[in-house]
Amino acid sequence: ILLDDGFSKFDIAKFDILVRPNPEPKLKLCLPSGAYRYPFSFYKFGDFIAHEGQTHFRKSEILNKSEKMVLVTAIANPARLEAFFGECVGQVFFPDHYDFSKEELSEILQTYGATSLLMTQKDYVKVKDFGLRVSLITLEVTLSKEFKKVLAKQI
């Protein structure tokens, strides 16, 4: 069983994998770096600390590209999508876990004169039945041999 934000569940016997953000937050005071809950020093309590570019590698691409895409997202850190900003006619950010409506997304398409919404898979699942054209940012994560060994040992 994988738990997102499971680190805070101290009453469950588990193997804690903490993923260090990349880039690191400017103020290294707390973790996780979204809804700050624990002192930054709590990394010492993690069973395995994952580092992007060392223990795991991310690869993203856009499926169903269109001529004029507008990036619309409701993720905690939209700056992670900065590599795609230049391919868009605009960016619209909503709070993390936002519940989109078809009407507001249609209005965004019209406002920007866009031919599609550019969205992450996390956002797409909330709008897939709206009938709007979506260009999708896919994410593939590959684990290092070291990380796979650690996981295999725990399983």
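Trainee: Which ring does the charged end of Arg20 sit over, and how far is it from the ring centre?
Mentor: This is a predicted model, where local features need pLDDT of at least 70, side-chain atom pairs count only at pLDDT 80 or more, and totals for chains, interfaces and linings use all residues. Residues are numbered from 1 along each chain as its sequence is written, and side-chain values use heavy atoms, leaving out hydrogens and water. A charge sits over a ring if NZ of Lys or CZ of Arg is within 6 Å of the ring centre and within 35 degrees of the ring normal. For Arg20, the ring is that of Tyr43, with its centre at 4.2 Å.

Trainee: Why is the pair of Phe94 and Tyr98 called stacked?
Mentor: Rings of Phe, Tyr and Trp (its six-membered ring) pair if their centres lie within 6.5 Å; planes under 30 degrees apart count as stacked, over 60 as edge-to-face and the rest as tilted. The centres of Phe94 and Tyr98 are 4.5 Å apart, and the pair is stacked because the planes are at 20 degrees.

Trainee: Is Phe94 buried or exposed?
Mentor: Buried means under 20% relative accessible area, exposed over 50%, partly exposed in between (1.4 Å probe, protein chains only). Phe94 has 16% relative accessibility, so call it buried.

Trainee: Which residue in S9 stands opposite Ser60?
Mentor: Strands are DSSP runs (E, at least two residues), numbered from the N terminus, and two of them pair if DSSP finds at least two bridges between them. S5 and S9 pair in the antiparallel sense over eight bridges. Opposite Ser60 you'll find Leu139.

Definitions and conventions
Helix = DSSP H or I, 4+ residues; strand = E, 2+ residues; numbered from the N terminus.
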